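Colleague: I'm new to this one. Can you put it up and walk me through it?

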Amino acid sequence: MHQLLTDLNNNIGISPEGDIYIGDDLKILSYDASTTKIAAPTKLEKAAIILCTEGTQHLRINLREHMLESQTLVTLMPGQIIEAFECSEDYKAYAIILSKRFIDAVNIPGWQQSYISMYNTPMLKLDDTQLQ
């Protein structure tokens, strides 16, 4: 954990778009229709937690079709296959990207038990109370 914290402290930055980068282990990004691209199937090496705040995006996660829509949280795990398709013009989302090293170092209690559930059910529709 000490080495991870040292690496994180030495590699902090903010992009011109306002995205936050902390080394290669933690990134906080924002997306909209102009920055979201259609992507071929990709096997993830990192975890991602994405919150869609407006609009929609068509995704395929582990070969299953999904529609990411406003007030939906999607959790993607290393090893999953994701394919991104078109999004609506009003699409906006925020993502937290976590390296496997970061996840292992943080040692979140109950992570392994939750992993299977998140892997099998990556989309969670949130109500107004949960968004606050």
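Modeller: Let's start with Tyr 94, which counts as partly exposed at 45% relative accessibility. Buried means under 20% relative accessible area, exposed over 50%, and partly exposed in between (1.4 Å probe, protein chains only).

Colleague: Before we go on, what kind of model is this?

Modeller: This is a predicted model: local features need pLDDT of at least 70, side-chain atom pairs count only at pLDDT 80 or more, and totals for chains, interfaces and linings use all residues. Residues are numbered from 1 along each chain as its sequence is written, and side-chain values use heavy atoms, with hydrogens and water left out.

Colleague: OK. Where is the place of Tyr 94?

Modeller: In strand S10, residues 92–98. Helices (H or I, at least four residues) and strands (E, at least two) are DSSP runs, numbered from the N terminus.

Colleague: And what does Tyr 94 touch?

Modeller: Leu 29, Ser 30, Ile 49, Ile 50, Leu 51 and Thr 53, not counting residues up to four places away in sequence. Contact means heavy atoms within 4.5 Å. Tyr 94 and Tyr 31 are 6.1 Å apart in space, C-alpha to C-alpha, yet 63 residues apart in sequence.

Colleague: New topic, charges. How many salt bridges does a search of the whole structure find?

Modeller: Five. A salt bridge is a side-chain nitrogen of Lys or Arg within 4 Å of a carboxyl oxygen of Asp or Glu.

Colleague: Which residue does Arg 101 meet in a salt bridge?

Modeller: Asp 25, at 2.5 Å from N to O. Arg 101 sits in helix H2 (residues 100–106) and Asp 25 in the loop between strand S2 (20–22) and strand S3 (26–32), so the pair ties together parts 76 residues apart in sequence.

Colleague: Is Asp 25 buried or exposed?

Modeller: Buried, with a relative accessible area of 7%. Arg 101 is partly exposed, at 36%.

Colleague: Next one. Which residue forms a salt bridge with Glu 83?

Modeller: Arg 60, and the closest N and O atoms are 3.0 Å apart. Glu 83 lies in strand S9 (residues 81–87) and Arg 60 in strand S6 (residues 56–61), so this pair joins parts 23 residues apart in sequence. Glu 83 is buried at 14% relative accessibility, while Arg 60 is partly exposed at 24%. Arg 60 and Glu 83 also belong to a network of salt bridges with Glu 65.

Colleague: What about Glu 69? Which side chain does it meet?

Modeller: That of Lys 125, in a salt bridge of 3.6 Å, N to O. Glu 69 is in strand S7 (residues 64–69) and Lys 125 in strand S11 (residues 123–125), so the link spans parts 56 residues apart in sequence.

Colleague: Back to S9. How many bridges join S6 to S9?

Modeller: Four, and the strands run antiparallel. Two strands pair if DSSP finds at least two bridges between them. Ile 61 has Ile 82 in S9 as its bridge partner. Strand S4 (residues 39–43) is also joined to S9, by three bridges, and these run antiparallel. There, Ala 39 stands opposite Ala 84 in S9.
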